[in-house]
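Please look through the sequence and the model below before reading on. The paragraphs that follow take up a helix contact and then a set of charged side chains.

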Amino acid sequence: MSSCFLDEETFCQCCQLFLQHSHSLCDGWSWEQVKGSEEGYLRKTALGTGRTRCNQDQQRTSSDQHQERTFSLSFHDDDGDDEDDGAVCCIQEESSSSSVVQYEYHVLYSCSYQTPVLYFRASTLEGRSLCLEEVWDSVHPNYRQRLQHRPWDTITQQEHPLLGQSFFVLHPCRTEEFMKPVLKAALEEHRQVNYIVTWLSVVGPVVGLDVPLSYCTQAPEPPHTPSGSPQPPSGSPQSPSGSPHFPSGSLQPPALGTKPG
């Protein structure tokens, strides 16, 4: 079965071109190298709007139970009968409000799926990390409606493969489904497409990350250097030796072929 996939070398080259345009916009993207490793990832932090939940414990009489989500405490008399009149219940009110949220986005390469993967975490300005339910509440209603039949398969919480910390992740299992038509059309029309730009334009808005249109309309041309090795954009992170951690080779459109089993 034919399959569109992205090899790691092309992933790094697409990231390089993405960073070149990001540098011209000064929109905060950077390449983070993992200490003591050849691996790295794209990173950006941004403020956005999210839904945060506030729990309040209150005491109410049993006449208010039908209006709230409650955790009831039953009282029994000596005869074992319930006493309903005037019973006091411990009520946990759960309300959601719009708040300013600090997002941190990471774009990594998945060897298993041979696609980029978007990891992210979110916290309030006070430093409290959002829970999975709050992250899901913060998804735009247009996307939430489409994904509500399997929300926890779409956004999950797991360990960051490079940092070993807890992050949320947009599961990459359906990446091929929406990328294949784009890459196939580009191949047939003999035009280049930056896989990272196209992919991030689709998955980013689900979790509040928008990609400016200029990434598509003003994408930098593939670099042409005597050695054929791509060079980092001005101001991009470099290794201690001064060489960027991008593989050599000329830029080509993402591969279209058969994915190894």
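At what angle do helix α1 and helix α6 pack, and how far apart are their axes? In this predicted model, helix α1, which spans residues 8–25, packs against helix α6, which spans residues 195–203, at an angle of about 80°, and the two axes lie 8 Å apart. Since angles of 65 to 115 degrees count as roughly perpendicular, α1 is therefore described as roughly perpendicular to α6. On the α1 side the contact is made by F11, C14, C15 and F18, while α6 contributes Y195, I196, V197 and L200. Sorted by class, the residues in this contact of α1 with α6 are eight nonpolar ones, with no polar and no charged residues.

Helix α6 itself is mostly covered, seven of its nine residues being buried. The buried residues of α6 are Y195, I196, V197, T198, W199, L200 and V203, and Y195, I196, V197 and L200 are also the residues that α6 brings to the contact with α1. At the start of α6, a side-chain oxygen of N194 comes to within 2.9 Å of the backbone nitrogen of I196.

Turning to the charged side chains, a search of the whole structure finds five salt bridges. One of them joins the side chains of E104 and R43, with an N to O distance of 3.1 Å. This pair links distant parts of the chain, given that E104 belongs to strand β5 (residues 88–110) and R43 to strand β3 (residues 40–61), and that the two residues are 61 residues apart. E104 has a relative accessible area of 13% and is therefore buried, the cut-off for that class being under 20%, whereas R43, at 27% relative accessibility, counts as partly exposed.

Another salt bridge is formed by R128 with E134, whose closest N and O atoms are 2.9 Å apart. Here R128, at 37% relative accessibility, counts as partly exposed, while E134 is buried, with a relative accessible area of 2%. The side chains of R191 and E189 also meet in a salt bridge, at 2.6 Å from N to O, and R191 is partly exposed, with a relative accessible area of 36%.

How values were computed. Residues numbered from 1 in each chain as written. Predicted model: local features only at pLDDT ≥ 70, side-chain atom pairs only at ≥ 80, totals over all residues. Heavy atoms only, no water. Axes fitted to C-alpha atoms, helices over the stretch in contact; angles between N-to-C directions. Helix = DSSP H or I, 4+ residues; strand = E, 2+ residues; numbered from the N terminus. Parallel < 35°, antiparallel > 145°, perpendicular 65-115°, else oblique. Contact = heavy atoms within 4.5 Å. Nonpolar A, V, L, I, M, F, W, Y, C, P; charged D, E, K, R; others polar. Buried < 20%, exposed > 50% of the residue type's maximum accessible area, 1.4 Å probe, protein only. Polar contact = N/O pair within 3.5 Å; in protein donor to acceptor, adjacent residues only side chain to side chain. Salt bridge = Lys/Arg side-chain N within 4 Å of Asp/Glu carboxyl O.
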